Amino acid sequence: MAVSVSVSSLFISPIFFFFFTLAISTDVDLLLKRIKPSIQGETENLLLNSWNTSVPLCQWRGLKWVFTDGSPLTCTDISSPQWSNISLSKDPSLHLRSLQLPSANLSGTLPPELGELSTLQSLYLSVNSISGSIPLEIGYSSSLSDIDLGNNLLTGSVPASIWNLCDRLISLRLHGNLLSGSIPEPALPNATCSTLLYLDVGQNKFSGIFPGFIPGFKGLRELDLSSNNFSGKIPDELAILSLEKLNLSYNNFSGVLPNFGQLKFGVDSFEGNDANLCGPPLKRCKQTSGGLSSGAVAGLVIGLMTGMVVFASLLIGYSQGRKKKSFDEEDEEYDDGEDDENGDGSGEGKLILFQGGEHLTLEDVLNATGQVMEKTSYGTIYKAKLADGGTIALRLLREGSCKDGGLCLPAIKQLGRIRHDNLIPLRAFYQGKRGEKLLIYDYLSNRTLHELLHESRPGKPVLNWARRHKIALAIAKGLAHLHSTIETPVTHGNVRSRNVLVDDFFVARLTDFGLHKLMVPAVADEIIASAKSDGYKAPELQKMKNCNSRTDVYAFGILLLEILLGKKPGKSGGRDGFVDLPAVVKVAVLEETTMEVFDIEVLKGIRSPMEDGVVQALKLAMGCCAPVASVRPSMDEVVKQLEENRPRNRSALYSPAETRSEIGTPF
């Protein structure tokens, strides 16, 4: 009878059964028998082939181990005995501490046994094709603190058990999946998740109101709920958190934004929501009034009329007193500084604001403290700190490089109206009384494509083909918008990898578009000289006034070759002089060594260069670089071809819904 009671208690007590199973299972057994078959899927995976008892444990890919006493298994020194020790996999005192397999071509599901790894702290399986749901057993882990399952094909809801990890969870990243429903609340009503720094559930299908428990996570530094279906009001308590990054864009939030103070977040953090969402840095909120009595309304009208009469009288007197200093009516909003030689030298001028720059004032711009970021032949770019703590990017045009104010203004206004997800918007323009001209943009701490492709630095992300394709497609979409979507088409005029900013999600944005329209011909032609030196100049382009959409297409073709080959075009390409990328490809084709021309990172992890669109992208790039301008494709055609030849394993960056041409580049 005693035995019968004991056995039945195992079935009615899942917790006891869980720990009983853990006690008789080693981490190696779990990896080989349960976890590997589950995450690998139906196709054999080269990385997981190293998980084999005939291979020393130190050579198992993507894993870090620790002994029971907490000391790590040191696998950094290849000459050490541990590196080649076959018997370590049988050591019961070894436990798994970290599982890191991003971009590993995994196509299976997440096994419940992940929760049974008693010392597992880090689980990084992002940028794969893992499907199915997140097992609730993950929340039963006794040690997990960092979870990154982003950019997979996970479906269903987030298990409420995930908050069981709250007292030690540092990061939870689920970005870019197909998760849906509402985000569950922690079981404990006052859970603070005091160690949680990063919460990213963007680009999923979550719905419901803003998760009200999030403002209780006092240690949160980065929050991303973007591109979901959340609705309702954003709670004011969110402003209390010491957030450094916030992205609530592309939901259905409405109402008044919390007062974050110092305008630390720009329009990009909130764009794409309900039209009624208002407050800095978005549009001002309309003042609403309650039901007033007829007497109150009448009194209000009389008061307003009286005020208007007084105001009109004052305005007339003021205007008469200022006649001698008035500007030409047609140029009233703009001061080109031509009559200011006898001015007071205070440096004040005119500030023209565009969408997203409404919060800026003349005082903000004049008092900003700048740090030089880059110098070009036509100006200097500064990172400028505003008095309220916000940051903007200022481009000070070189003296004498810009056209006179009256000639410059139409182009400035046109550039200020351009808005697209893959273009850096112009927020404001300032001209001082002495003729100095400033272009004002959002400051983005993103890396340039040139840095990602050609500079070596610790922590630089791997640029596999899926990521490079996403970058190329975003650039193409930005150019296509300039060429054909806006009222008056604009030629970029300076397409190059240094003018492409890439964020942490590999979203690319073009900058410096249309600046040649502001410049005197001699300075504009300096851009052509630089483009020729760096290998981006179309053969027919001799004067910048003759640049057009086809010369932009040629420069994009060189840029696409740069992405595919990983080589710098032009004289900066190496010690052997000028590197002509189209010529490099032509030679490889003639010598039947085409596959050797690609950057090695492009070919990693893809099964077929033809099926994954790599070969098609190379052909497209060469078509863009055709010597005869008339046979080059338009940017709309380029976008279409890139979309039709996306990487097969695009789960890393694209959802299945994004195979149609009308879908924008995901954030």
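Contact here means that heavy atoms lie within 4.5 Å, and with that meaning L564 is in contact with W465, F598, D599, V602, V614, A617 and L618, leaving aside its neighbours within four places in sequence. The model is predicted, so local features need pLDDT of at least 70 and side-chain atom pairs count only at pLDDT 80 or more, while totals for chains, interfaces and linings use all residues. Residues are numbered from 1 along each chain as its sequence is written, and side-chain values use heavy atoms, with hydrogens and water left out.

**Nonpolar cores**

- A nonpolar core is a set of buried Ala, Val, Leu, Ile, Met, Phe, Trp, Tyr and Cys residues joined through side-chain atoms within 4.5 Å, where buried means under 20% relative accessible area, exposed over 50% and partly exposed in between (1.4 Å probe, protein chains only).
- The largest such core has 85 residues, of which L439, L449, I475, L518, F556 and L564 touch the most other members.
- Helix α10 (residues 549-565) supplies the largest share of this core, 11 residues.
- A second, separate core of 70 residues includes L30, W65, L88 and L149.

**Backbone features**

- Most residues other than glycine have a negative phi, and most peptide bonds are trans.
- N105, which is not a glycine, has a positive phi of about 65 degrees, and at 24% relative accessibility N105 counts as partly exposed.
- V127 also has a positive phi, near 55 degrees, and V127 counts as buried at 5% relative accessibility.
- The peptide bond from P280 to P281 is cis, with omega near 10 degrees.

How values were computed
Helices (H or I, at least four residues) and strands (E, at least two) are DSSP runs, numbered from the N terminus.
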